[in-house]
Amino acid sequence: MLRLSPALANTVGVALLLVACVSCAPPPTTTTPVVAPSPTVAYASNDLNEPLWDFNSRIVPQAMRGTLGANILGPQNVPITLENPSLLAPPTTDHGTVENAKWPFSLSHNRLQTGGWARQQTVTDMPIAKEMAGVNMRLEAGAIRELHWHKTAEWAYVLKGSTQISTVTPEGQNYVATVNPGDLWYFPPGQPHSLQATADDPEGSEFLLVFDDGSFNEDATFLLTDWLAHVPEEVIAKNFQSPLTAFDHIPSRELYIFPSAPPADDVPPPTSPKGTSEPFTYAFSKVEPIKIAGGTYKIADSTMFKAATDIAVVEVTVEPGAIRELHWHPTQDEWDFFLEGEARMTLFAADSNARTFDYQPGDIGYVPAPYGHYIENVGNTTLHYLEIYKTDRFQDVSLNTWLALTPSHIVKAHLNVSDDTIAHFSKQDPIVVAPQ
């Protein structure tokens with residue numbers, strides 16, 4: 001039989017008493033604090049990721065954000081770096097790889113002609129832009145972009161001045177109109193047309209052209225003079241039932257852009273036996289924008305501009321500190337052109353890939369479908385830009401609306417947010433969200 005010393009026996013007795021007390025202790029009351037379970041993954045950082053400078057900053061920018069990065073020891077192109085703070089010192093939320101989604105027209109080679117010029121952005125300049133390409137064209141008063149046609153559709157937004165357009169449909173109907181600043185025109189693929197700057201503005205006109213193919217090339221269009229310069233003259237005479245000498249002075253090569261007298265406002269076009277076509281222009285400048293907290297927007301797609309069956313536009317303004325909300329487009333790529341102000345945009349390309357780009361007037365942005373994105377006004381003036389889509393009808397999916405119309409317990413399970421936070425989600429697409 002095991003014998004314990006008195007001291008050891010006393011120690012064992014106390015221990016048994018403590019165990020007994022613990023085992024008979026009452027259950028915890030409902031006021032006992034409960035520790036929240038650990039998240040499945042770490043919580044996202046709440047560090048601010050604002051731009052560290054802008055193109056007006058009088059600094060030599062460095063590749064540093066907080067404790068990350070280091071100063072630059074070698075040479076750098078400071079003016080370009082000042083315009084692109086999100087590339088040199090990106091937000092810490094950027095990750096992985098996303099193709100370049102910014103192209104300034106200032107970097108495009110310019111084709112100078114007597115009477116004007118043209119410069120373009122294609123998939124060669126910005127490989128991410130596979131569905132659309134753009135051209136910026138300038139015509140002096142009276143100058144003509146010669147009679148031509150394209151394999152692609154052509155959509156236009158007039159930046160300054162007025163342009164007279166003419167076209168003839170495959171059915172033999174004709175149409176002539178003058179297009180003013182902020183207005184649109186559209187020609188289907190293969191439909192011949194011409195463009196001529198009026199003298200309404202003494203300087204002529206300038207406009208933006210968008211084509212529904214990223215591999216479009218403005219230098220490879222079908223031009224009237226180029227074609228006839230490569231057809232035997234006797235064939236031309238036979239085609240028009242005219243004497244051979246009637247075509248002795250046709251150009252020996254393409255004209256492309258050339259000077260001429262400004263068109264008169266009141267001269268009617270030739271009368272077609274098939275009549276006049278439906279309009280290929282749209283007075284977008286006269287459409288009243290929808291005013292919302294933080295900005296405005298207006299839309300032109302085939303529901304109102306019936307000729308535009310393949311390209312749609314949303315013209316947006318965003319006030320300082322506001323954002324074009326977090327959203328995506330189900331099937332349509334987005335080609336952006338920035339008219340005024342300063343912006344930044346982050347593209348989310350799935351699989352943890354995200355990258356932020358900065359934009360100034362004259363820059364082009366691009367968002368493939370269905371990348372998530374937003375556009376933020378990071379300047380102190382109104383941001384004004386165009387969202388252009390290869391579609392007959394504008395569509396987007398609002399993150400606000402998606403979450404507001406999803407059962408709240410599902411949203412809370414994902415984001416660990418309160419009912420009060422969810423109550424602030426908008427059930428209608430806000431388009432632009434004002435700063436708090």
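Reader: Where is P370 in the chain?

Author: P370 sits in the loop that links strand 24 (363-367) to strand 25 (372-377). Keep in mind that this is a predicted model.

Reader: OK. And what about the peptide bond from A369 to P370, cis or trans?

Author: That bond is cis, and its omega is near -5°. As background, most peptide bonds are trans.

Reader: Got it. Which phi does N416 have, positive or negative?

Author: Positive: phi of N416 is about 55°, although N416 is not a glycine. For context, most residues other than glycine have a negative phi.

Reader: Where do I look for N416?

Author: Look in the loop between helix 7 (408-415) and helix 8 (419-423).

Reader: Is N416 buried or exposed, and why?

Author: N416 counts as exposed because its relative accessibility is 55%, and the cut-off for exposed is over 50%.

Reader: What about I431, what's its phi?

Author: Phi of I431 is near 65°, again a positive value in a residue other than glycine. I431 lies in the loop between helix 8 and strand 28 (432-433).

Reader: So is I431 buried or exposed?

Author: Buried. Its relative accessibility is 5%, and buried means under 20%.

Reader: How many bridges join strand 5 to strand 6?

Author: Six bridges, between residues 116-121 of strand 5 and residues 133-139 of strand 6. Across that pairing, W117 stands opposite R138 in strand 6.

Reader: And what does strand 8 pair with?

Author: Strand 8 pairs with strand 11 (residues 184-187) in the antiparallel sense over four bridges. Strand 8 is also joined by six bridges to strand 13 (residues 205-211), and that pairing runs antiparallel too.

Reader: Which residues face each other there?

Author: W155 stands opposite Y186 in strand 11. On the strand 13 side, the bridge partner of K160 is E206.

Reader: Is strand 8 mostly covered or uncovered?

Author: Mostly covered. Strand 8 spans residues 154-160, and five of its seven residues are buried.

Reader: How do side chains point in a strand anyway? Which faces do they take?

Author: In a regular strand, side chains alternate between the two faces of the sheet.

Reader: How many bridges do strand 9 and strand 10 have?

Author: Six bridges, in the antiparallel sense, between residues 163-168 of strand 9 and residues 174-179 of strand 10.

Reader: I keep clicking on W149. Which strand is it in?

Author: W149 is in strand 7 (residues 144-149). At 25% relative accessibility, W149 counts as partly exposed.

Reader: What is W149 in contact with?

Author: Leaving aside neighbours within four places in sequence, W149 is in contact with G190, Q191, P192, H193, T221, F222 and W227.

Reader: And how far is W149 from I311?

Author: Their C-alpha atoms are separated by 17 Å, with the two residues 162 residues apart along the chain.

Reader: Let's zoom out. How many helices and strands does the chain have?

Author: Eight helices and 28 strands.

Reader: What's the radius of gyration of the chain?

Author: The chain has 32 Å, while a compact globule of 436 residues would have a value near 22 Å. The C-alpha atoms fill a box of roughly 140 × 55 × 45 Å along the principal axes.

Reader: How much of the chain is buried?

Author: Buried residues make up 42% of the 436 residues. The chain exposes about 24,000 Å², with carbon and sulfur atoms supplying 59% of that area.

Reader: Last one: how many positive and negative charges are there?

Author: There are 25 positive and 50 negative charges, and their mean positions are 5 Å apart.

Note on methods. Residues are numbered from 1 along each chain as its sequence is written. This is a predicted model: local features need pLDDT of at least 70, side-chain atom pairs count only at pLDDT 80 or more; totals for chains, interfaces and linings use all residues. Side-chain values use heavy atoms; hydrogens and water are left out. Two strands pair if DSSP finds at least two bridges between them. Helices (H or I, at least four residues) and strands (E, at least two) are DSSP runs, numbered from the N terminus. The radius of gyration is taken over C-alpha atoms; the globule rule is 2.2 Å times the number of residues to the power 0.38. Buried means under 20% relative accessible area, exposed over 50%, partly exposed in between (1.4 Å probe, protein chains only). Accessible areas come from the Shrake-Rupley method with a 1.4 Å probe; for residues, only the protein chains shown count as cover. Lys and Arg count as positive and Asp and Glu as negative; His and the chain ends are not counted. The place of a charge is taken as NZ of Lys, CZ of Arg, CG of Asp or CD of Glu. Contact means heavy atoms within 4.5 Å.
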